[in-house]
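Try each task yourself before reading its solution.

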Amino acid sequence: MPGRQSRRSVLATIAALPLTGALSACGGGGGDTRSGSTSRNVSSRNGRKTRITFWSALRGSQEVVDAFNRGHDSIEVDFQQVPGGAQGGYAKLSNAARAGNAPDIATIEYPQVPGFAIDGVCRDITDLVGEGLRAKLLPQALELTTFEKRVFSVPLDVEPMVLHYRTDLFERYGLTVPRTWEEFEEAARTVHREGGQRRMALFPTDGDTQLAAFAWQAGARWFDTSGGAWNLSLADAPTRRVSSYWQRLTDQDLVFMNAVESRQSDVQIAEGLVLSRLSGAWDAGAQMKARPAQKGIWAIAPMPQWDPADQGVGTHGGSTFAVTKDCADPEAAMEFIEWQVSHPDALRARLSSGASSQYPAAPGLVDVGRKAFDRGYYGGQDIYTLFEQEAEKIRPGWVWGPRMSATGRIMKDGLARASGGQGSILGAVRAAQEGTMPDLKALGLSTTQRST
């Protein structure tokens, strides 16, 4: 079993996971850890009930835990709801890991997985992810938690970015659903000309993850780990193209530019000032829950494309489950994780908590989501079939950076300044790259950056 490795040496396998006991703690089960079967752990515990602690900010997690505990005799999960965000659950998780009392399982969004792996919070679970589980997961989702063939968390959902649009307002202004970004811009000009205060869309100043998804769709690769180093290229050619496009739309007042997580944005949507929203599949359920009075006037379509002959999308949102370094029984933790991400009863339990349009990372669960989702809000549209089609378009090769919270914070600051005429969207991207470098060097990581 591997011993502790330095950040620099483990960079070859993601950049720096301290593997203290990560795999040696897994050896007590006596079963085939690659079989994909979750029942193998029951007999190995000789009647003992294993207690697993689980932290999550996800809605519906208590219902999932209750359903699991009802159906399992050998494992009992103790659940703790934690606040979302960097200053909420993530700060709590980091502090607990430093104190040596992290939960057995933690929910971590995709952009934060590399950072928690580098910090040694996420355990390397490669040898615990059986072929059966791998076969159940969308490859593009598992790729986002796999670095140099080492797996650090298991995807729950994956959220392709889609176009949410107001059918009534599209009809009023004679708009068709844009298939390309050129058509999207033409529609934006029509709305600007004929719609008074209305605008086609919002470019969010707090939207570092949205900008990442736009760039990802265009073929950008902000980070990679080739050559045993973290290579940064945030302002690459696809990102420059995306930045120039949105800069033109904002400069010409064709779209709003303000924070999406704000009262201003709520008013823009509630009062019909925004004709479309570009966000992940999950946002369909969020819209339905937040604005029930708008039932029947929204629909969902594929993202506009840069090149219809080379279709692709990025993701916006999505969560994963990691086994932490402090977990005493990783096999038991993995049994619960595998059930959460791949068993129909788990998704049914999560969806029972209220409106959700989560797109599962296990395609075998799509029918469960399709049957559970109330189509009435979207005029009977089968949004899950659309999500299924779009998920297949997620471009491979994207890697999130080691300190995305810090990178995103710098980018948001730059976007906020650009909205006030101080700087530009591309300038915010360049500042984020420059501001990320000191963090990576402070971690002792080998780094390169491409000046673009």
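The exercises below go from the whole protein to a helix pair and then to aromatic rings.

This is a predicted model, in which local features need pLDDT of at least 70 and side-chain atom pairs count only at pLDDT 80 or more, while totals for chains, interfaces and linings use all residues. Residues are numbered from 1 along each chain as its sequence is written, and side-chain values use heavy atoms, with hydrogens and water left out.

**Exercise 1. Find how many helices and strands the protein has, and what share of its residues is buried.**

Step 1: The secondary structure comes to 19 helices and 15 strands. Helices (H or I, at least four residues) and strands (E, at least two) are DSSP runs, numbered from the N terminus.

Step 2: Of the 452 residues, 57% are buried. Buried means under 20% relative accessible area, with a 1.4 Å probe and protein chains only.

**Exercise 2. Describe how helices α14 and α15 pack.**

Step 1: Begin with the angle and the distance, as two packed helices are described by the angle between their axes and the distance between the axes. Helix α14 (residues 330-342) and helix α15 (residues 344-351) pack at about 70 degrees, with axes 5 Å apart. Axes are lines fitted to C-alpha atoms, for helices over the stretch in contact, and angles run from 0 to 180 degrees between N-to-C directions.

Step 2: Name the arrangement. The helices α14 and α15 are therefore roughly perpendicular to each other (65 to 115 degrees).

Step 3: List the contact, meaning heavy atoms within 4.5 Å. On α14 the contact is made by W339, Q340 and S342, and on α15 by P344, D345, A346 and R350.

**Exercise 3. Work out which kind of aromatic pair F54 and F336 form, and where the two residues lie.**

Step 1: A search of the whole structure finds 27 aromatic pairs. Rings of Phe, Tyr and Trp (its six-membered ring) pair if their centres lie within 6.5 Å; planes under 30 degrees apart count as stacked, over 60 as edge-to-face and the rest as tilted.

Step 2: For F54 and F336, the centres are 5.4 Å apart and the planes make 75 degrees, an edge-to-face pair.

Step 3: F54 sits in strand β1 (residues 50-56) and F336 in helix α14, so the pair ties together parts 282 residues apart in sequence.

Step 4: Check the burial. F54 is buried, with a relative accessible area of 0%, and F336 is buried, also with 0%.

Key. Parallel < 35°, antiparallel > 145°, perpendicular 65-115°, else oblique. Buried < 20%, exposed > 50% of the residue type's maximum accessible area, 1.4 Å probe, protein only.
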